[in-house]
2 protein chains.
Amino acid sequence: MNKLIFNPIALRGFVEEMFAYFGIPSEDCKLAADVLAYSDEHGIDSHGVARLITYYDLLKVGRINIHPKLKIIREKGSVATIDGDNGLGLIIGPKCNEIAMDKAEIHGSGWVSVCNTNHYGAAGYYPVKALERDLIGLSLTNTTKGVVPFGGREKMLGTNPIAIAFPSGQEPPMVIDMATSTVAYGKVEIADRQQKPVPIGWCLDKDGQPTVDPLAMINDGALLPLGSDIEGSGHKGYCLAAMVDVLSAVLSGANWGPFAVPFAIRSDGQPITQVGKGIGHFFGAWDITGFQDLEVFKKSMDAWIRVMRETPPLEGTPRVLIPGDPEREAYGVRMKDGIPLDGIVWESICKIAKETKIPLPSPQ
Amino acid sequence: MNKLIFNPIALRGFVEEMFAYFGIPSEDCKLAADVLAYSDEHGIDSHGVARLITYYDLLKVGRINIHPKLKIIREKGSVATIDGDNGLGLIIGPKCNEIAMDKAEIHGSGWVSVCNTNHYGAAGYYPVKALERDLIGLSLTNTTKGVVPFGGREKMLGTNPIAIAFPSGQEPPMVIDMATSTVAYGKVEIADRQQKPVPIGWCLDKDGQPTVDPLAMINDGALLPLGSDIEGSGHKGYCLAAMVDVLSAVLSGANWGPFAVPFAIRSDGQPITQVGKGIGHFFGAWDITGFQDLEVFKKSMDAWIRVMRETPPLEGTPRVLIPGDPEREAYGVRMKDGIPLDGIVWESICKIAKETKIPLPSPQ
């Protein structure tokens, strides 16, 4: 595929200007651009500017509140529920994450469940912020339905990611960010664009039959939960997706399960039934110093990381990685060489530039 | 296989007497018996009296402190680290879980990381206790190495389970209890006893090759993390096991990763290197009322459960289950019909009875 390469700062600038175009306050534009840039800069291509057109569409039709006022609905010491006032998840998310981290510094841990919010970018962005404050960070979100519950043949749950990050000392931190489906939807899209089959265990077709055809999943099929089938313990991925759904959406009063509001306005099957407000996020942080001397913890993390790296690798595998390694490697390359964008993503950016008259970032 | 059937109360009585035989205080014996009974009564055969002989062996050689004094090493509001003073995990676990729940009622959430402890039974026991107090409960523990990190061919992590439970209203609660390996070790043992092959994706042999032979895993092979291989996203199971290991053991100062102390004294390869004290647990609880009206939450959980149950099932699947259903079903049967024990488990109980002169429970 043809890819154009862009300077990370130029891309950020374009994203900020797009949000500003809709009257979003400057500080909030910076925040939203920072969340999207995290994905592009770390190689998570599905969650960066590839999704800018969707945010653009939603803002254009007035589906998003550009001046949301966060409201704490309930609170008790280390925990709270916040109504995101239908703001951009890219703005509500970072602010609620801050509140969870502030609580952790006061109470030893902090937990914020959020309703009435929208898609918040890559889940991994949030716990990585906690690392700056020497906290353990956690973020969960429910998402539009795309995954069957184990044993079912209709999609009822989202890819509901789990992200958690642990600080370290001299070694790089451990950063986990994983969909609770076997694969994220983006991987199926990529296979479809490349016209390649996918492994059995990723997808069902619209009749609930296992399929290797990515298009059969995209056309009203479904993803399978992590573990895929009975032999692979697919019930475990379902358990994890259920846990994320309850903590993010049932607990906060957002739309849960199949009622989660679709991200894209062009999606088929906007659920008519609403059981809550918007979608839901869940942010958490633990203050390490409440458990352990910080330097001792960091040294132990360094030792953990070194011991795991030294595991003899499987035949054909260069070495055992630490969670976060692939994203760190991508970051190193992209901040030096620039960020490659798919033709289809570039076209969507050109469309936004044309309609808004924001100057296009120039390819390198 | 020949199975004898036992009255649940008679089994509990035998277990209590066995712990009392070693001089463990009466209240602690009741607690330990309650944890083991939870497994036998809920069909989790690997974690109940099947393991009594191992606790017996450990107590007999004086490996366990029968009068442990729990010590809070560090504390900050909602969080604490506790040194279990090398007590039985079956006694330290419930007590530390109580402390996490007490904290949740004061601070909105409570988190206790525990070092210097031993095997604590089924992880699911602990969050189920939280349900009695209308809390969301969570428990994690690291365990003896048995699982490869993704891409590795030597076991470096335990089956490190995640258990979490959510209260509901009229419907039964959601109870999740899952090893972060594709399957728990017990499933491989069962296949071996039945001389049946296991699916590819469960095990590696001692050379790091995928194997269908359960004995090839048992003889110095290893389990694979949930997701198994690259196509199944085995890196995700590794991420989850790493998360459990860090929260339970690195955070508390216990032995982490490959250094986790083996449960059975007969195990080969007692790690010589120690990087902390004992193994580690992690208990947590959230007070729902800090987030949401309790009755609203319970009604939403009921609705969630009903909606998932109504998912059209896959061909050949009777219906979609809710996490906790299989254990509830087993409980219903066993509390009526009695608890079946394998011949090998019965033999181990006879051995204990003979050595201690505790009267054997009579089969029904």
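Q: What does helix α8 (residues 234-250) of chain B lie across, and at what angle does the helix run to β11(B)?
A: In this predicted model, helix α8(B) lies across β4 (109-117), β5 (135-141), β6 and β11 (279-287) of chain B. The angle between α8(B) and β11(B) is about 95°.

Q: What confidence does the predictor attach to chain A and to the complex?
A: Chain A averages a pLDDT of 96, and 98% of the residues score at least 70. For the complex, the predictor gives an ipTM of 0.98 and a pTM of 0.98.

Q: In the open sheet of seven strands of chain B, what makes β2 (71-76) and β7 (174-178) edge strands?
A: The order of the sheet is β2-β3-β4-β11-β5-β6-β7, with mixed pairing. Both β2(B) and β7(B) pair on one side only, and they are the edge strands. Direction ignored, neighbouring strands of this sheet are turned by 10° against each other on average.

Q: Why are β6(B) and β7(B) called paired strands?
A: Pairing requires at least two bridges between two strands. Five bridges join strand β6 (residues 162-166) of chain B to β7(B); the two strands therefore count as paired, and they run antiparallel. Ala163(B) stands opposite Asp177(B) in β7(B), and Phe166(B) has Met174(B) as its bridge partner there.

Q: How many bridges connect β5(B) and β6(B), and in which sense do the strands pair?
A: These strands pair in the antiparallel sense over four bridges. Leu140(B) stands opposite Ile162(B) in β6(B).

Q: What makes β6(B) a mostly covered strand?
A: Five of the five residues of β6(B) are buried. Both faces are covered: Ile162(B), Ile164(B) and Phe166(B) are buried on one side, and Ala163(B) and Ala165(B) on the other.

Q: Why are one side of β9 (210-211) and one side of β10 (222-223) of chain B left without a neighbour in the sheet?
A: The open sheet of three strands has the order β9-β8-β10 in chain B, with antiparallel pairing. β9(B) and β10(B) stand at the edges and each has a single partner strand, so one side of each is left without a neighbour in the sheet.

Q: How do we know that β8 (residues 203-204) of chain B and β9(B) pair?
A: The cut-off is at least two bridges. β8(B) and β9(B) have two bridges, in the antiparallel sense, and therefore meet it. The bridge partner of Leu204(B) in β9(B) is Pro210(B).

Q: What makes strand β5 (residues 135-141) of chain A mostly covered?
A: Seven of its seven residues are buried. Leu135(A), Gly137(A), Ser139(A) and Thr141(A) point one way from β5(A), while Ile136(A), Leu138(A) and Leu140(A) point the other way.

Q: Which strands are joined to β5(A), and by how many bridges?
A: Seven bridges join β5(A) to β11(A), which run antiparallel; in β11(A), Trp286(A) is the bridge partner of Ile136(A). Four bridges join β5(A) to β6(A), also antiparallel, and Leu138(A) stands opposite Ile164(A) in β6(A).

Q: Why is Asp40(A) called buried?
A: A residue is buried if 20 or more other C-beta atoms lie within 10 Å of its own. Asp40(A) has 26 other C-beta atoms within 10 Å, so Asp40(A) is buried. The place of this residue is in helix α2 (residues 26-41) of chain A. Not counting residues up to four places away in sequence, Asp40(A) touches Leu11(A), Gly48(A), Val49(A) and Ile339(A).

Q: Which residues have the most contacts inside the largest nonpolar core?
A: That core has 230 residues, and those with the most contacts inside it are Ala32(A) and Ala32(B). Leaving aside neighbours within four places in sequence, Ala32(B) is in contact with Phe19(B), Leu88(B), Leu90(B) and Ile91(B).

Q: How many residues does each chain give to the contact between chain A and chain B, and which element of chain A gives the most?
A: The contact takes 69 residues from chain A and 69 residues from chain B. The elements that give two or more residues to the side of chain A include β2 (71-76), α8 (234-250) and α9 (294-309) of chain A. α9(A) gives the most to this side, with seven residues. The residues on the side of chain A divide into 35 nonpolar, 25 polar and nine charged.

Definitions and conventions: Residues are numbered from 1 along each chain as its sequence is written. Chains are lettered from A and ligands numbered from 1 in the order in which they are written. This is a predicted model: local features need pLDDT of at least 70, side-chain atom pairs count only at pLDDT 80 or more; totals for chains, interfaces and linings use all residues. pLDDT is the predictor's confidence in each residue, from 0 to 100. Two residues are in contact if their C-beta atoms, placed from the backbone, lie within 7 Å. Ala, Val, Leu, Ile, Met, Phe, Trp, Tyr, Cys and Pro count as nonpolar, Asp, Glu, Lys and Arg as charged, and the others, Gly among them, as polar. A nonpolar core is a set of buried Ala, Val, Leu, Ile, Met, Phe, Trp, Tyr and Cys residues joined through C-beta atoms within 7 Å. A residue is buried if 20 or more other C-beta atoms lie within 10 Å of its own, exposed if 12 or fewer, and partly exposed in between; C-beta atoms are placed from the backbone. Axes are lines fitted to C-alpha atoms, for helices over the stretch in contact, and angles run from 0 to 180 degrees between N-to-C directions.
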